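Here is a short briefing on one protein chain. Look over the sequence and the model before reading on.

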Amino acid sequence: VQLQASGGGLVQAGGSLRLSCAASGRTFSSYVIGWFRQAPGNEREFVGLIEWSGGDTIYADSVKGRFSISRDNAKNTVYLQMNSLKREDTADYYCAASVRRTNHPGQYNYWGRGTLVTVSS
């Protein structure tokens, strides 16, 4: 099983960025794909998740209304659209897969490598 996050970069505050998480190696129809982030010196933080089959989403309060998660079943890819970015959104962003609808990173079995998002003022 492989998850590959991409799309990070440098963006000004107030701007937008879209991250992608390409999944391969198995069928993810019964999985939840979560997005997490980790800033230097901080613990890994839940951002949001999407249920692969039904498309239901959950977001952390810190990103609700600014971030949205979607999926493209044909491409086996999940997207994290980030709008109205703030400096405090700067972090490494990771996607992960779990069989549980959970915001706890310890319950995610598969992880991709992070992609760095830097928001400048």
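Predicted model: local features only at pLDDT ≥ 70, side-chain atom pairs only at ≥ 80, totals over all residues.

Residues are numbered from 1 along each chain as its sequence is written, and side-chain values use heavy atoms, with hydrogens and water left out.

**Overall fold**

- The chain has eleven strands and zero helices. Both are DSSP runs numbered from the N terminus: helices are H or I with at least four residues, strands are E with at least two.
- In sequence order the pattern reads β-β-β-β-β-β-β-β-β-β-β.
- The radius of gyration is 13 Å, close to the 14 Å that the globule rule gives for 121 residues, so the chain is as compact as a globular protein of that length. The radius is taken over C-alpha atoms, and the rule is 2.2 Å times the number of residues to the power 0.38.
- Along the principal axes, the C-alpha atoms fill a box of roughly 40 × 30 × 25 Å.
- Take contacts (heavy atoms within 4.5 Å) between residues at least 6 apart in sequence: 55% of them join residues at least 24 apart.

**Burial and surface**

- Of the 121 residues, 41% count as buried. Buried means under 20% relative accessible area, exposed over 50%, and partly exposed in between, with a 1.4 Å probe and protein chains only.
- The chain exposes about 6200 Å², and carbon and sulfur atoms supply 41% of that area. Areas come from the Shrake-Rupley method with a 1.4 Å probe.

**Nonpolar core**

- The largest nonpolar core has 35 residues. Such a core is a set of buried Ala, Val, Leu, Ile, Met, Phe, Trp, Tyr and Cys residues joined through side-chain atoms within 4.5 Å.
- Ile33, Trp35, Leu80, Met82 and Tyr93 have the most contacts inside this core.
- Strands giving two or more residues to the core include E1 (2–6), E4 (32–38), E8 (77–82) and E9 (91–98). E9 gives the largest share, five residues.

**Two residues**

- Tyr93 touches a set of residues beyond four places away in sequence, among them Ala5, Leu19, Phe36, Val47, Phe67 and Val117.
- Ser24 sits in strand E3. Its relative accessibility is 31%, so Ser24 counts as partly exposed.
- Ser24 and Leu3 are 21 residues apart along the chain, with their C-alpha atoms separated by 6.6 Å.
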